[in-house]
Amino acid sequence: MKNKNYSNYPLLKLLPYLRSYKRELIYVFAFIAFLLTVQLVRPLLIKLAIDKYIMTKNITGLTWVVSLFIVFLCLEFLFSYAQTYYTELVSQKIMAKLRLNVFQKIEHQSMSFFDKNKVGGLISRITTDIDNLEEMFTTGLIDTVIKLGMILIIIVIIFYLNVKLALFTIACMPVTLSVFYLFSGYVIARYRELRRLAAQFSGYLQENIGNMKIIQVFNQEERHKEQFREINRNVSTVNNKIIFSFALLFPMIEISSSFTTAAILWYGGLSIFAGLMTIGTLIAFLEYVQKLFNPLKEISERYNVIQSATASAERIFGLLESSDHLIHDGTEVLNATSGAIDLNDVWFAYIRNDWVIKGLSLSIQPGEKIAIIGATGSGKSTILKLLLRFYELQKGSIRIDGHDIRELTQHSLRSKFGYITQDPYLFSDTVANNIRLFDQAIDHEAIQNAAGFTGSASFIERLPDTYSHVLSERGSNLSVGEKQLLSLSRLAAINPPIFMLDEATAHIDVVTEALIEDNLQKIMESRTSIVVAHRLSTIKSVDRIIVMDKGRIVEDGKHEDLLARKGFYYTLYKYQYKFETAIES
């Protein structure tokens with residue numbers, strides 16, 4: 001959803017969302033109009049009762065006015081209920097849509113976006129920031145509209161009742177408005193700071209609670225407690241500044257209101273003595289002055305909600321309108337692929353001009369199995385990420401069956417790949433859903449076949465509810481080897497034409513690796529396979545081994561040929577695999 005440039009007024013960026021619910025908003029403002037009418041007629045009824053009926057001791061007329069007063073109270077209840085209902089209804093719809101838009105925006109970011117943004121900060125955009133906007137809309141914005149409408153109507157009424165008193169009342173208001181103006185600039189800056197600290201706070205908690213095992217193993221509890229205390233202190237400091245501001249604002253408005261009321265009472269009393277004003281008029285005027293200043297006090301109370309929402313809106317729309325890390329989707333659909341991959345003079349840097357991949361060219365034939373090895377930081381895993389368009393390359397091109405991957409839709413491109421990393425991710429759901437990845441087109445029989453094919457069925461069938469067993473967060477109730485076996489089962493169930501392993505057996509013990517090795521070869525059979533690995537057993541059986549160093553291919557060939565050359569691969573092999581097999585001199 002595109003927004004106009006409301007950079008200085010972030011809350012106005014909600015207008016395109018509001019336009020989608022015009023009918024409901026018409027109902028809201030209609031009920032607001034009715035509500036204001038019944039609320040503001042009551043002081044006039046009091047004036048009428050005092051001046052016309054009480055002063056003349058007319059019981060019939062007084063009874064009629066009191067009955068009408070009660071009817072208006074009932075109408076106020078009905079209109080207030082209807083206005084609140086439709087306000088909440090519109091709010092929930094808008095926030096649900098906005099929350100979805102933020103989530104979709106995050107989903108389509110490149111990995112560089114997640115490298116630069118903490119998870120806790122992103123979660124706070126979808127949760128805390130959206131909640132702030134919802135509170136603003138339901139208790140801040142609409143209530144402020146009601147109060148502003150009430151102020152305007154009251155000004156008209158008090159001029160009708162007594163021009164001189166009305167002019168005096170209006171003359172007192174600039175003082176209050178000046179306080180608001182000075183107050184707003186200070187508070188919005190504090191709320192921006194608070195939102196930034198809240199995101200930092202959330203990210204810190206998630207990171208530390210998620211890694212509590214490491215913190216405890218290395219006895220870092222005290223150090224992290226001090227870090228937490230510092231962040232907590234900063235949040236409290238900013239909150240205290242905001243509280244101090246509101247604590248100062250409310251009494252200033254109260255003093256202004258009381259001074260105005262006292263002056264009106266004095267002048268009105270003199271007017272009554274002189275026969276220029278009735279008692280009913282003075283009481284009604286005082287009622288309206290209270291209703292005039294009460295909205296100002298209530299708006300000031302809502303002001304913190306609006307300022308907090310303004311800071312949240314800046315963060316939300318800052319994300320929605322940003323395109324810095326957005327992967328632009330192609331338009332061409334890759335319906336089928338033989339698995340041919342061509343990288344032509346590819347250059348890539350995570351940080352500008354700090355090249356990780358340098359002029360790399362590589363052709364992989366359909367069904368060919370290759371292994372990519374090299375020292376840490378040589379660019380092995382980066383190649384796999386570029387193939388999946390997790391990152392955008394800066395120079396060169398990558399083609400699948402002759403199609404430039406930048407021209408392909410991300411969905412059709414990624415559906416052709418199966419990708420497993422050394423740190424498998426499992427969801428807090430059933431074993432079956434973790435294998436099918438919630439794709440209901442993969443039936444239970446296919447899930448069982450995949451589990452049997454990869455050897456994971458042996459431990460799955462020992463679980464209390466077998467395939468219906470619900471895993472803990474990130475699969476923490478499984479061993480590392482079992483989690484990796486489930487990842488392989490996931491791959492077998494999806495059955496993609498191109499298969500990529502990124503150090504997938506690095507955390508698996510030798511016995512477990514031996515268990516899956518044969519099935520791994522079956523999965524790789526007759527499909528293009530790219531393996532980033534160090535273990536000899538994984539790479540010896542591939543068709544080609546690509547040796548990388550500092551972002552370039554330095555050697556390319558079969559295992560035996562590369563050993564015979566006694567070059568870079570020979571050196572790596574000698575030092576990394578000397579415990580797996582002996583190298584003959």
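**Close-up views of a predicted model**

View 1. I400 stands opposite H403 in β5, in a model that is predicted, where local features need pLDDT of at least 70, side-chain atom pairs count only at pLDDT 80 or more, and totals for chains, interfaces and linings use all residues. Residues are numbered from 1 along each chain as its sequence is written, and side-chain values use heavy atoms, with hydrogens and water left out. Strand β4 (residues 395-400) and strand β5 (residues 403-404) pair in the antiparallel sense over 2 bridges, where strands are said to pair if DSSP finds at least two bridges between them. Helices (H or I, at least four residues) and strands (E, at least two) are DSSP runs, numbered from the N terminus. The two strands β4 and β5 form a hairpin with 2 residues between them, and D401 in the turn has a positive phi of about 50°. Strand β4 also runs antiparallel to β1, to which 5 bridges join it, and here D342 stands opposite R399 in β4.

View 2. How many residues of strand β3 (residues 369-374) are buried? The count is 6 of its 6 residues, and the strand is described as mostly covered; buried means under 20% relative accessible area, exposed means over 50%, and partly exposed lies in between (1.4 Å probe, protein chains only). K369, A371 and I373 point one way from β3, whereas I370, I372 and G374 point the other way, and all are buried. Strand β3 runs parallel to strand β8 (residues 528-532), with 4 bridges joining them, and I370 stands opposite I530 in β8. The pairing of β3 with β9 is likewise in the parallel sense, over 5 bridges, and there I373 stands opposite V547 in β9.

View 3. The side chains of R544 and D556 meet in a salt bridge at 2.8 Å, N to O, where a salt bridge is a side-chain nitrogen of Lys or Arg within 4 Å of a carboxyl oxygen of Asp or Glu. Because R544 lies in strand β9 (residues 544-549) and D556 in strand β10 (residues 552-557), the pair ties together parts that are 12 residues apart in sequence. R544 is buried, with a relative accessible area of 17%, whereas D556 is partly exposed at 29%. Salt bridges that share partners join E368, R544 and D556 into one network.

**View 4. Two further salt bridges.** Side chains of opposite charge can pair when their charged atoms come close. A search of the whole structure finds 11 salt bridges, including one in which the side chains of E321 and K13 meet at 3.3 Å, N to O. E321 lies in the loop between α9 and β1 (341-351) and K13 in the segment before α1 (15-18), so this pair ties together parts that are 308 residues apart in sequence. E321 counts as partly exposed at 43% relative accessibility, while K13 is buried at 8%. R389 forms a salt bridge with E392, in which the closest N and O atoms are 2.4 Å apart; R389 counts as buried at 1% relative accessibility, and E392 is partly exposed at 28%.

**View 5. The largest nonpolar core.** Among the 35 residues of the largest nonpolar core, I154, I264, F285 and Y288 touch the most other members. A nonpolar core is a set of buried Ala, Val, Leu, Ile, Met, Phe, Trp, Tyr and Cys residues joined through side-chain atoms within 4.5 Å. At least two residues of this core come from each of α2 (22-54), α3 (59-107), α5 (119-161), α6 (163-210) and α9 (279-320), and the largest share, 10 residues, comes from α2. The core draws at least three residues from each of domain 1 (12-162 + 306-324) and domain 2 (163-276), with domain bounds that come from an automatic or database domain assignment.

View 6. Leaving aside residues up to four places away in sequence, F285 touches I158, L161, N162, L165, A166, T169 and I264, where contact means heavy atoms within 4.5 Å. A second, separate core of 31 residues includes L360, F390, I400 and I498. L286 is found in helix α9 and is buried, with a relative accessible area of 19%. Again not counting residues up to four places away in sequence, L286 touches T261, I264 and L265. The C-alpha atoms of L286 and I264 are separated by 7.5 Å, although these residues are 22 residues apart along the chain.
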